[in-house]
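Welcome, and thanks for taking a look at this one. Below is a short briefing on how the chains pack, pair and touch.

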Protein chains: 6
Amino acid sequence: MRIAVYPGSFDPVTNGHLDIIKRSSRLFDKVIVAVLHNASKTPLFTVEEKMDLLSQVTSDIPNVEIDSFSGLLADYVMENKISSIVKGLRAVSDFEYELQMALMNRKLNPDVETIFMMTSGEYSYLSSSIVKEVFKFNGCIKGLVPDEVIDAMKKKVSL
Amino acid sequence: MRIAVYPGSFDPVTNGHLDIIKRSSRLFDKVIVAVLHNASKTPLFTVEEKMDLLSQVTSDIPNVEIDSFSGLLADYVMENKISSIVKGLRAVSDFEYELQMALMNRKLNPDVETIFMMTSGEYSYLSSSIVKEVFKFNGCIKGLVPDEVIDAMKKKVSL
Amino acid sequence: MRIAVYPGSFDPVTNGHLDIIKRSSRLFDKVIVAVLHNASKTPLFTVEEKMDLLSQVTSDIPNVEIDSFSGLLADYVMENKISSIVKGLRAVSDFEYELQMALMNRKLNPDVETIFMMTSGEYSYLSSSIVKEVFKFNGCIKGLVPDEVIDAMKKKVSL
Amino acid sequence: MRIAVYPGSFDPVTNGHLDIIKRSSRLFDKVIVAVLHNASKTPLFTVEEKMDLLSQVTSDIPNVEIDSFSGLLADYVMENKISSIVKGLRAVSDFEYELQMALMNRKLNPDVETIFMMTSGEYSYLSSSIVKEVFKFNGCIKGLVPDEVIDAMKKKVSL
Amino acid sequence: MRIAVYPGSFDPVTNGHLDIIKRSSRLFDKVIVAVLHNASKTPLFTVEEKMDLLSQVTSDIPNVEIDSFSGLLADYVMENKISSIVKGLRAVSDFEYELQMALMNRKLNPDVETIFMMTSGEYSYLSSSIVKEVFKFNGCIKGLVPDEVIDAMKKKVSL
Amino acid sequence: MRIAVYPGSFDPVTNGHLDIIKRSSRLFDKVIVAVLHNASKTPLFTVEEKMDLLSQVTSDIPNVEIDSFSGLLADYVMENKISSIVKGLRAVSDFEYELQMALMNRKLNPDVETIFMMTSGEYSYLSSSIVKEVFKFNGCIKGLVPDEVIDAMKKKVSL
């Protein structure tokens with residue numbers, strides 16, 4: 001069985017992420033969407049909330065699983081018999097950072113392969129942080145994130 | 001009447017900014033130089049001081065106005081009947097970020113156009129932060145910023 | 001009156017070109033779409049055919065004119081009292097070449113300004129040469145070029 | 001069964017190509033290495049010679065097949081029930097061209113996915129044309145291409 | 001006598017840094033490796049510890065000296081009769097930042113020259129911060145930094 | 001004695017080339033400007049004419065020599081006891097090609113070092129081909145190439 005991991009912060013998951021999840025799910029027997037525990041940042045959503053939102057928006061894709069991890073991705077990959085790391089590429093600046101990460105992950109674990117998929121043109125300007133920035137000033141984020149995420153963001157703010 | 005906005009932090013305004021202001025003022029009936037209120041940073045100058053410096057160094061260009069804004073640029077544009085956003089491009093890294101912003105602003109407001117002007121070769125290495133860095137260690141910033149800005153920076157430090 | 005020129009080969013005009021023409025026509029009193037006579041290439045369409053196609057697809061934009069030129073753009077600009085050169089940017093590789101051209105044009109004629117507009121995300125992969133390549137092998141180019149252009153390309157091939 | 005295609009000119013196949021072939025063969029049930037018939041270029045090897053060399057150097061990888069194609073890759077993909085196109089990325093300039101191609105191929109055939117793999121650091125400076133250039137002036141190409149290719153290149157020259 | 005400076009944070013020195021030090025030592029009569037005092041960051045090693053590690057790993061290169069500096073590099077260069085600044089380039093993003101710095105340093109001191117050397121392909125993914133990240137989660141950093149640095153990092157952690 | 005080579009086509013030498021020659025002559029005991037014999041192109045000037053022009057415009061720099069070569073640069077370097085190859089960098093696209101070349105040259109000859117110098121901001125848009133293009137249409141090239149080169153280009157055209 002070929003298992004891939006799609007790692008990220010997903011704070012929150014955008015339609016660009018969802019596009020990569022859907023397309024990668026056709027290439028592998030199983031795709032694990034893995035939320036990174038990142039102690040050094042102050043995210044909008046907790047890891048549990050992020051996993052819950054990811055479960056909701058991927059509920060119609062049978063071979064997608066949601067998980068979380070901390071530490072090195074190379075270790076997570078080894079423990080879960082994962083053969084591929086999936087990353088989305090939007091721009092040249094992504095490209096260089098991800099190339100560096102891919103080469104480091106191959107050094108740490110030569111059996112794992114990083115594969116890159118191009119983000120659809122319509123999502124090339126999308127990032128979780130730009131979504132949060134627009135939302136903070138009451139800009140419309142309809143079409144940028146799944147509707148479930150808009151609801152969750154509104155609840156967060158009203159707390 | 002065609003109105004453009006040239007938004008930025010201007011902390012402080014450099015000769016590179018001034019070059020873009022002068023050149024864009026020939027393309028539009030009015031150019032509004034809009035200082036962004038940015039709560040999350042600790043600038044050298046207050047918004048009022050930045051606006052005052054901008055007024056001084058653009059006093060000889062009749063169709064330039066100085067203003068400030070907070071929140072989304074797309075909202076500011078709509079409220080002020082602005083048809084174009086002017087941005088200066090220096091390098092590839094600018095290019096990708098600005099492309100992302102231009103596409104997001106078009107999504108939020110399809111009637112506004114972002115236009116880019118190339119920074120003159122002689123100013124391609126100039127940024128407000130590099131000016132502050134050089135000044136901090138008593139390096140010469142003559143020719144990098146207008147003389148009024150050098151005076152204002154010296155006063156700041158002597159306080 | 002503010003006049004801009006949008007120069008190019010237009011062999012053939014694509015929907016990406018048309019997007020830039022429409023958007024720039026809102027920024028200027030008049031936009032001249034200028035077809036370059038390029039002796040060293042073997043184009044699909046003649047300059048006259050290109051101009052005819054451009055006239056057809058821009059017939060609903062009153063302030064657009066179609067023209068052709070040979071020699072230096074800087075000379076054409078001076079002779080036609082043009083204040084701005086409009087260029088579309090798609091990618092980093094465009095960016096560097098166009099920056100070089102913009103700086104050279106400013107050297108040759110300091111009064112003319114080159115402004116850049118970002119190509120819409122949906123057209124970022126479009127170029128005249130890729131359209132011709134796809135068409136040559138009977139691939140579908142619907143949506144990539146105006147319908148008038150598809151008809152003209154079919155006629156060319158049947159000759 | 002998941003089938004991928006790795007298309008290219010392979011004039012000649014380099015160790016960088018071979019690295020991508022080996023690594024992609026672990027991700028898919030079958031990888032078809034497809035040599036492009038390119039009428040407009042004057043290659044060193046014929047398509048048959050290229051296919052023969054590819055067969056020799058991949059003989060130890062059971063799920064690799066060698067084929068050739070002409071026309072649109074999107075058509076070849078459809079006729080051969082291929083689900084993925086594999087491309088190697090070496091540098092930023094590759095990235096932009098390949099992104100354009102990937103988006104065009106998705107437009108022509110939404111069911112096919114282009115995935116990118118990073119070329120190993122040690123092969124990042126390798127290309128078929130640089131190998132031919134070095135060989136032409138009697139430079140050592142040992143380690144850049146498989147030994148079978150060196151032999152074949154020597155035979156070509158001695159003809 | 002031609003003296004060059006190779007400035008940096010070296011927190012810690014990697015095998016990529018060491019590669020540049022060795023190669024630049026062949027081009028100049030003396031190479032000063034200069035550790036930057038950077039008040040605004042919280043480094044792993046103190047400036048003294050960094051200098052000590054650099055001394056250990058360069059002990060076999062007679063024309064290398066270790067020093068530290070604060071303030072402007074352009075001033076340090078002038079005070080030490082240095083004719084060249086050596087920088088390593090790994091990627092496009094390095095390139096633009098370093099170009100900006102090189103142009104600013106030439107403005108501040110027209111007699112000093114910045115020269116760039118390409119980092120070996122095998123070290124192109126190496127940076128001090130990625131080494132610290134991998135080490136933090138007990139990943140293997142053997143081969144990425146000199147062995148003396150691994151020992152020093154282990155001691156730091158055990159404190 | 002430290003000898004460097006600055007290789008190129010120099011068809012014709014521009015002020016950008018001359019800037020690199022002057023600056024590199026301060027770093028090395030001798031700089032050889034080496035004109036490449038390139039059989040596959042149709043240059044404006046012959047190799048002899050290029051060498052003659054280079055001699056004229058560098059006559060005031062005592063440690064510069066003019067030469068020509070064909071074949072592999074790595075071979076020329078070895079035969080002439082050269083320790084460094086000097087290249088000028090203008091832009092990101094230069095950077096990637098030159099990185100590829102530098103890594104290949106190190107593979108062919110591990111003892112030779114390629115060093116890069118940044119082209120001055122004012123020459124960043126300059127290339128031999130853009131100079132020829134502007135000259136062809138009677139545009140002013142004063143300030144872009146040495147005056148000796150303008151004279152030689154005028155003579156060429158009048159033949």
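B:D19 and B:R23 sit 4 residues apart in helix α1 (residues 15-25) of chain B, so about one helical turn separates them. The two form a salt bridge, with the closest N and O atoms 2.7 Å apart. Please keep in mind that this is a predicted model.

- An α-helix has 3.6 residues a turn, so residues three or four places apart point the same way.
- Is B:D19 buried or exposed? B:D19 is buried, because its relative accessible area is 14%, and the cut-off for buried is under 20%.
- B:R23 also counts as buried, at 5% relative accessibility.
- Chain E has a salt bridge between the side chains of E:R23 and E:D19, at 2.7 Å from N to O.
- E:R23 and E:D19 both belong to helix α1 (residues 15-25) of chain E, where they are 4 residues apart, about one turn of the helix. Both residues are buried.

**Salt bridges elsewhere**

- Over all chains, the structure holds 54 salt bridges.
- In chain F, the side chains of F:K132 and F:D11 meet in a salt bridge of 2.7 Å, N to O.
- F:K132 lies in helix α5 (residues 128-136) of chain F, while F:D11 lies in the loop between β1 (3-8) and α1 (15-25) of chain F, so the pair ties together parts that are 121 residues apart in sequence.
- F:K132 counts as partly exposed, at 27% relative accessibility, whereas F:D11 counts as buried, at 6%.
- Which residues are joined into one network by salt bridges that share partners? They are A:D19, A:R23, D:R106 and D:E113.

**Where chain E meets chain F**

- The contact involves 28 residues of chain E and 28 residues of chain F.
- About 2400 Å² is buried between chain E and chain F, and carbon and sulfur atoms give 59% of that area.
- The interface of chain E and chain F has 4 salt bridges. In one salt bridge between these chains, the side chains of F:R23 and E:E113 meet at 2.7 Å, N to O.
- Chain E and chain F also have 13 residue pairs in polar contact, with both residues at pLDDT 80 or more.
- On the side of chain E that touches chain F, the elements that give two or more residues are β4 (84-89), α4 (92-108) and β5 (113-118) of chain E.
- The largest share of that side, 7 residues, comes from α4(E).
- By class, the side of chain E that touches chain F divides into 14 nonpolar, 6 polar and 8 charged residues.

**Where chain A meets chain D**

- Chain A gives 28 residues to the contact and chain D gives 28 residues.
- The area buried between chain A and chain D is about 2400 Å², with 59% of it on carbon and sulfur atoms.
- Between chain A and chain D there are 4 salt bridges. The side chains of D:R23 and A:E113 meet in a salt bridge at 2.7 Å, N to O.
- The polar contacts between chain A and chain D come to 13 residue pairs, both residues at pLDDT 80 or more.

**Chains that stay apart**

- Chain B and chain D do not touch, and their nearest C-alpha atoms are 11 Å apart.
- Chain C and chain E do not touch either, with nearest C-alpha atoms 11 Å apart.

**The nonpolar core and C:I141**

- The largest nonpolar core has 287 residues. The residues with the most contacts inside this core are A:I141, B:I141, C:I141, D:I141, E:I141 and F:I141.
- Beyond its neighbours within four places in sequence, C:I141 is in contact with C:V131, C:V134, C:F135, C:I150, C:M153 and D:K107.

- How many of the 11 residues of helix α1 (residues 15-25) of chain C are buried? The helix is mostly covered, with 10 of its 11 residues buried. Among them are C:H17, C:D19 and C:R23.
- At the start of α1(C), a side-chain oxygen of C:T14 comes within 3.1 Å of the backbone nitrogen of C:G16.
- A:S127 is in the loop between β5 and α5 (128-136) of chain A, and this residue is buried, with a relative accessible area of 13%.
- Leaving aside neighbours within four places in sequence, A:S127 is in contact with A:T14, A:R90 and B:Q100.

Note on methods
Residues numbered from 1 in each chain as written. Chains lettered and ligands numbered in written order. Predicted model: local features only at pLDDT ≥ 70, side-chain atom pairs only at ≥ 80, totals over all residues. Heavy atoms only, no water. Core = buried A, V, L, I, M, F, W, Y, C linked by side-chain atoms within 4.5 Å. Buried < 20%, exposed > 50% of the residue type's maximum accessible area, 1.4 Å probe, protein only. Contact = heavy atoms within 4.5 Å. Buried area = accessible area lost by both parts, 1.4 Å probe. Polar contact = N/O pair within 3.5 Å; in protein donor to acceptor, adjacent residues only side chain to side chain. Nonpolar A, V, L, I, M, F, W, Y, C, P; charged D, E, K, R; others polar.
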